[in-house]
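The sequence and the structure come first.

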Amino acid sequence: MTSYRLAVDVGGTFTDLVLSGERVGRRSYKTSSTPHDPAEGVVNGLRAIASDLGIAVESLLERTPAIVHGTTITTNALLTRSGARTGLLATRGFRDTLRLRQGLRARQFDSRTAPPQPLVPRWRVHGVGGRFDRRARELEPLDEQAVVAAARAFAHEGVEAVAIAFLFSFLDPAHELRAAELVRQELPGAYVSLSAAIAPEVRLYERTSTAVVNAYVGPILRDYLTNLRTRLKQLRFGGSLLVMQSNGGVATPEVVAEHAVSTLLSGPAGGPIASAAAVAPLELPKAMTIDMGGTSFEVSLARGGVTDVRPGGLLGDQAVTTPMLDISTIGAGGGSIAWVTAGGMLRVGPQSAGASPGPACYGRGGTQATVTDAGLLLGYVGGDSFGGGELSLARDAAERAVDAVAAELGIDRLSAAAGIYDTVNAAMTDSLRLATVSRGLDPREFALVAAGGAGPVHAAALAADLEIPLVVVPRDASVLCAAGMLVTDFVHHGVRTVYGRTPAPGAASLGEAWAELEEAARAQLEQEGVAPWQARYRRSLEVRYVGQVHQLELDLPEGEPVTAALLDQTLARFPALHRERYGHVLDGVELELVNVRVEARGPAGESEPAPPVRPGEPPAPRGERDAWFDGRFAPTPVFAGETLGAGARLEGPALVELRTSTIVVPPGTALTVAPSGSFLLHGAQAPLDGVLDRLHAGGVSV
Amino acid sequence: MSSTIAAPENATAVDPVGAAIVANRLDAIAEHMAETMLRTSRSRIFQIRDFVTGIFDGDGRWIATKDYIPVLAGSLPSAYRAVAERFGDDVHDGDVFLLNDPYHGNNHPPDMTVLKPVFADGELVFWTASKGHHADVGGGGVVGYNPYVTDAWEDALRIPPVRLVSRGVEQRDLWDVIALNVRVPDFVVGDLHCQIGAVTVGAEQLLAMLAKFGRARVRAGIDYHLEASRRHMAREVAALRDGVYRAERHLDSGGANVPGPIKVAVEARVAGEHVTFDFTGSDPQVAGYANSTLANTVASSMIGLFAIVDPDVPRNDGSLAQFDVIAEPGTIVHAVAPAATTLCTLLTCETIVEAIWLALADAAPRGTLAGWGRFGQFAEAGVDAHTGRPFAVISSFTLAGSGGLDGADGWDGLGSPVAMGGTQAPDPELHELVAPALIEQIELVPDSAGAGRWRGGFGALISYRLDQDDVTSLWYGGGTTEQTAPYGLRGGLPGSPNWGEVHHADGRVETVAPNTIRPLGAGDRMVSFMAGGGGYGAPAERDPEAVLDDVRAGLVSHAAAREVYRVAVDGAGGAAVLDAAATAALRGEPCPGQP
């Protein structure tokens, strides 16, 4: 009997599903999301697959041992402020840690905007006595009566989730643990989130914020997963449901329900993974993935097939310290609005028309010129083929909108349209350059992987500006994130702060810390069914020069026992890494250890590789339209992407229409279809083999 | 400051798209320089973002900046001019210049300004700049602030424009002089390297931009960008009512032995698209450390103006052309050598900014900003008894409230207008790990915000207790009196003042005078009340629901709600509710539900 593997990515607008299995190969599906009850959209999608296969949904699920699930449920709860009613227990005297926001304001000169509101109103923040100091000495015992009183006040208010974040709990969590016990007694069924468990790192603000965000979205995720599993069980699904985490790995519902904060990038995290899988057959050492949708532009970097992970960041306006794929976002998408400052400067974004009203050409009431409107007037985006023909674009509305910008700038319509396209491209290359150069990397050594509805429209122009020799558009770019979920591992991160300990920890105590973190991760993996021999552990150490605030991460060789010699050998790599990143070293300055980390990884099941694409007929255009290149319109052939077989090659100017996007192939650029089906853009005069050789030579040290 | 802009006759004849791309790229490069500094600095002062970066073109026009501390950025042009005047054509590829002297283009001595000329094909095409507050620059006091000094030599090591690196070679002898004259040479030398790293990164990227776009296109783009910035500011200034407006604000003191109040007077003359800030009538300079150099007064005036216009107006030579500063030499706002200046980027800057906001309050149709909390805080130095390492911390939990304005409340704990929310308050855990003190409280103070239809932001109380003896403690800044606390605007009430207390281990409680130093020991507790921002508009016009929110939060008392806001609230915390009938009676309005 055929066995299937399924990935489901529930986004704001669409639910993407990808099925993989013998005989069926790999098939992708899109259904509308059902925000009032996202599980319904999942079930609708499953029914669509079953009907496509000509079987009952129950028999589909009986033959599916694992479903990997990406969800935006926690992200939406956070962004729309619709999370659980949350209370916070803080150390007495520190009620306002979140409200004070470290004294920062992002737009310094903007006094008219209200400050971001904390997720927990001040009256639900209770300070309780009990204090550890910087050397983990208990100065004052926990005031248990105050905890109980706070918990009763929470009960009275109908609080559903409680975050607990005490000073220095990363050194000793005893007070947080005891307070949790008391809270659970008073508030049975409440979701309890401990800062020492969720983010055991120094920095009160970030740790508190992470615990609060976790509490705020925790009950939402827990209830959703319960609902989904019940429905799946009703449809006779007996396999395992795996949830995609921000760190690019999966975990079981039991594990993520406790660490809900680790699913905030659950949806987008599939993208870089799929991108890495798409370029894997090309064996490219460095790839930069751009995912440009309606409102945002996301960038991530992968080296040696591994996407960079960062220890935390801002999600919405909330600080979160939980390891996540290093995906940076700028507000530039197809819906980004072009406007002119009072002084006459053209700007594009960060305001976006979003999906509603959307660009002017959507004809849904938008009147401001957007990037998509410019693309339509320039001929890059087809008026009647947009979004697979589901939406017909209104050229006259786009013209009116772009004309308004042109009038303000004193230029003609097409110059304005081209200006919008060039300006948004420049903003994107600025962010790509910052993303690479600030990490000591050279963008020219990267391949650019383009996804999202707008990514392929802009990719060639971005690559040209950054002198990137190769663009890869994956065949299943429209369901990129879901496709990535088919090829993920179980991944768990553990961290312990060792900074500030005196005397500085030596090999023995560091070895102990790593061993404990590994043990905790091993237990999690075992619970998820990973055999001990399948688990892999990456140990690392975060180090900086004494007094610096930012640290660099050094990996330890796998499996070797932690000895003084091994530590010395590891630390000896610090100056070179510092020079690579920042251009200089500080001779004679001591190093200080900040955090020890463990990344544990175990296979989550094998997926059928995407089957190769068959060679097809020589490319034949299905039509022609005028498109704007080098300052004028040129008649440009239009190809249907799905008709292009492996080995097909065509030269720009050309437009290749995919189901949800268009690849713009400018003059001087060639497009070649790889055996895997990916579309490769490269210089028409540059033989593809030579380009690949050059990128392979760029090398990577992992 | 006025400066000539090569304004094209018909600016749109230049490619506006190319200009947008060049301008974006310049901003990205300035930001990248700042990012480099954030990540590589050694001292905690840089890490709380007490620094700026900037870019000038080959003609010395200021074209881009990343200004975490706007008061530092506003004097980058004068630092550039000091180097250009001193070295003229004697500027070469691979050179890096340094200065810190307030009488050579700087605001005040703790900020080291590093400038690097950038050459393309032998031609000077750009300058990159980095300016930041160093952990020590000699002199006495704590973290570079000595309230007892009477002149610039006591204040700090004075460095005129000098060549720190000559054609790529570090001038070791100069570095040795600097290292020997500061208490923490590791930090100072490390941070100078960090600044050189930033200006070098900036230079490389500017050259890459030139190579890609071509010299002519970049030049045209910069011209267009500066002209667009000028026009943008011109539109904003034109929206102010023409006229002559006057205001005065005061410094609490000019130093330990220079009692206040010290007056800053401004006459703002708004004429069409241009405004002049004339400080004639301000008090004479003092034999203390609060004297403002002209560069600092210009930079402070810039904050005063930019804070009340469209936040999207770029800060560069183009927009600066729409205002002038007039200040008589020898006054508190235009100190002449050898007056000491260290405090000028804080207290004097704030006083200047407040005077401008207050003066323009009647010129701007919707008013300007009510007063923000000034900087007023403790700082400590000593040798950590546990680690044996010297420590020096500015405990600048910049947590005073900002002022209200028409349409928006002030922000809680935003800090002083010197930084406009650009500096980060230290994390209490990190703070305890580097300083021998136990932080007991950092919490907002109820009723500290100035009441108003749009109230000020709340200020915080910060309390910490020393773990060891032999600590030198400074309280510096101001905003401690009724006269210097954040003012209210258009019927709004003033915010609470800054206030510092020492609760000695033996039980004595001492209110500290601003700008004084004292030795402290184990068990002594320092308590700072940070000011609340001033309110805007009559408190009785505030939306009762907004008052209820503050009462629920425990930040406005029931009594203040009733007596100041004329709002009656029953119950406390989440259970608090409005008493609509009593509120209507308090406000003299008809009872709700009655005709």
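In this predicted model, strand 14 of chain B and strand 15 of chain B, the latter spanning residues 460–466, are paired in the antiparallel sense through seven bridges. Within that pairing, B:Ala437 has B:Leu466 of strand 15 of chain B standing opposite. Strands of a sheet pair through backbone hydrogen bonds, in either a parallel or an antiparallel way.

The two strands belong to an open sheet of five strands in chain B, arranged in the order 14-15-20-17-18 with antiparallel pairing. Strand 14 (437–444) and strand 18 (509–511) of chain B are the edge strands, each of them pairing on one side only, and from one strand to the next the twist averages 15 degrees.

Turning to the nonpolar residues, the largest core comprises 411 residues, and those with the most contacts inside it include A:Val162, A:Ala447 and A:Leu448 as well as B:Ile356 and B:Leu360. Helix 8 of chain A, residues 204–234, supplies the largest share of this core, namely 14 residues. When residues up to four places away in sequence are left out, A:Val162 touches A:Gly87, A:Leu89, A:Phe154, A:Val183, A:Leu187, A:Ala190, A:Val192 and A:Ala215.

The domain assignment of chain B is set out in the table.

| Domain of chain B | Residues |
|---|---|
| domain 1 | residues 11–232 |
| domain 2 | residues 369–540 |
| domain 3 | residues 543–586 |

Taken over C-alpha atoms, the centres of domain 1 of chain B and domain 3 of chain B are separated by 51 Å.

Terms used:
Residues are numbered from 1 along each chain as its sequence is written. Chains are lettered from A and ligands numbered from 1 in the order in which they are written. This is a predicted model: local features need pLDDT of at least 70, side-chain atom pairs count only at pLDDT 80 or more; totals for chains, interfaces and linings use all residues. Two strands pair if DSSP finds at least two bridges between them. Helices (H or I, at least four residues) and strands (E, at least two) are DSSP runs, numbered from the N terminus. Axes are lines fitted to C-alpha atoms, for helices over the stretch in contact, and angles run from 0 to 180 degrees between N-to-C directions. A nonpolar core is a set of buried Ala, Val, Leu, Ile, Met, Phe, Trp, Tyr and Cys residues joined through C-beta atoms within 7 Å. A residue is buried if 20 or more other C-beta atoms lie within 10 Å of its own, exposed if 12 or fewer, and partly exposed in between; C-beta atoms are placed from the backbone. Two residues are in contact if their C-beta atoms, placed from the backbone, lie within 7 Å. Domain bounds come from an automatic or database domain assignment.
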